[in-house]
Amino acid sequence: MGPVGRHLLGLAVAGLTLATGGVAFAELGQPKPWEWTLQESGSPVMDNIVWFHNFLFVLITLITLFVLALLVVVVVKFNARANPVPSRTTHNTLIEVAWTLVPVLILVGISVPSFRLLFLELDVPKADITIKATGKQWYWSYAYPDNGKFEFDSLMAQDKQPRLLGVDNEMVVPVNKVIRVQVTGADVIHAFALPAFGVKIDAIPGRLNETWFKATKTGMFYGQCSELCGKDHAFMPIAIRVVNDQEFASWVETAKKKFASGGTNTYASAAGPTQ
Ligand SMILES: [Cu+2]
């Protein structure tokens with residue numbers, strides 16, 4: 001076998017390994033090897049984002065094909081050989097009205113679902129549970145103000161899979177409940193992002209941003225800090241475990257005890273140093 005053949009064989013083996021690896025690790029709520037689509041949706045907001053993405057994709061494809069067709073017509077019909085005496089036309093009212101009106105109508109057609117989606121993301125519906133997520137250099141803290149006022153830190157765990165996404169303490173939420181997430185930063189600007197829920201919002205010191213999600217499937221969902229925040233920005237993943245109501249209730253009981261001493265901030269400082 002020549003060097004080219006060996007090269008091709010190597011590529012085939014690598015491809016096969018990646019393909020089987022992809023199948024082995026193909027799980028919900030996390031990126032997959034060679035993924036070229038959006039992550040599978042796990043919330044109503046993400047369903048809408050996927051729809052909007054597909055809608056725009058069809059639209060831009062049609063527009064691009066239309067412009068390409070016009071270009072081809074110009075190249076074929078109006079080149080110097082085919083059309084030696086060019087027209088000296090400079091104005092055409094009908095065409096000018098059309099090429100102004102049609103793009104306006106297309107943009108209005110885009111803006112309607114676009115604004116609907118923006119409001120869906122940022123108008124928080126009546127929440128079942130509120131969780132406060134605080135971005136810190138370089139980890140997240142999650143507080144549960146209406147479930148026993150505990151707070152805990154969530155740090156990347158080197159020994160956990162998926163690599164760079166597993167954490168020691170996951171955020172735990174019940175399935176099919178509206179979770180309001182209040183997001184802030186303790187030191188610099190971070191961003192709380194979870195692709196499968198269609199959530200991405202800045203965590204800004206001194207400001208409380210709000211977003212929400214309703215997980216429609218149980219399982220693990222992963223995201224990452226999405227605002228460059230310092231040297232370990234790449235190592236502060238967001239891991240959310242979606243469970244059923246009973247599991248959530250029993251987790252809350254365990255968490256109340258486990259995290260009684262608190263995370264690093266919210267309640268500790270509010271309660272004073274004696275607590
Ligand atoms: Cu960051």
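A: Leu 165 sits in the loop between β3 (150–154) and β4. Strands here are DSSP runs of E with at least two residues, helices are runs of H or I with at least four, and both are numbered from the N terminus. This is a predicted model: local features need pLDDT of at least 70, side-chain atom pairs count only at pLDDT 80 or more, and totals for chains, interfaces and linings use all residues. Residues are numbered from 1 along each chain as its sequence is written, and side-chain values use heavy atoms, with hydrogens and water left out.

Leu 165 counts as buried because its relative accessibility is 8%. Buried means under 20% relative accessible area, exposed over 50%, and partly exposed in between (1.4 Å probe, protein chains only).

Now its surroundings. Leaving aside residues up to four places away in sequence, Leu 165 touches Gln 30, Pro 31, Tyr 222, Gly 223, Gln 224, Pro 237 and Ala 239. Contact means heavy atoms within 4.5 Å. Tyr 222 lies 57 residues from Leu 165 along the chain, yet their C-alpha atoms are separated by 6.5 Å.

Next, the strands. Gly 223 stands opposite Ile 238 in β10. Strand β9 and strand β10 (residues 237–243) run antiparallel, joined by 6 bridges. Two strands pair if DSSP finds at least two bridges between them. An open sheet of 3 strands has the order β4-β10-β9, with mixed pairing. Its edge strands, β4 (171–174) and β9 (219–224), each pair on one side only.
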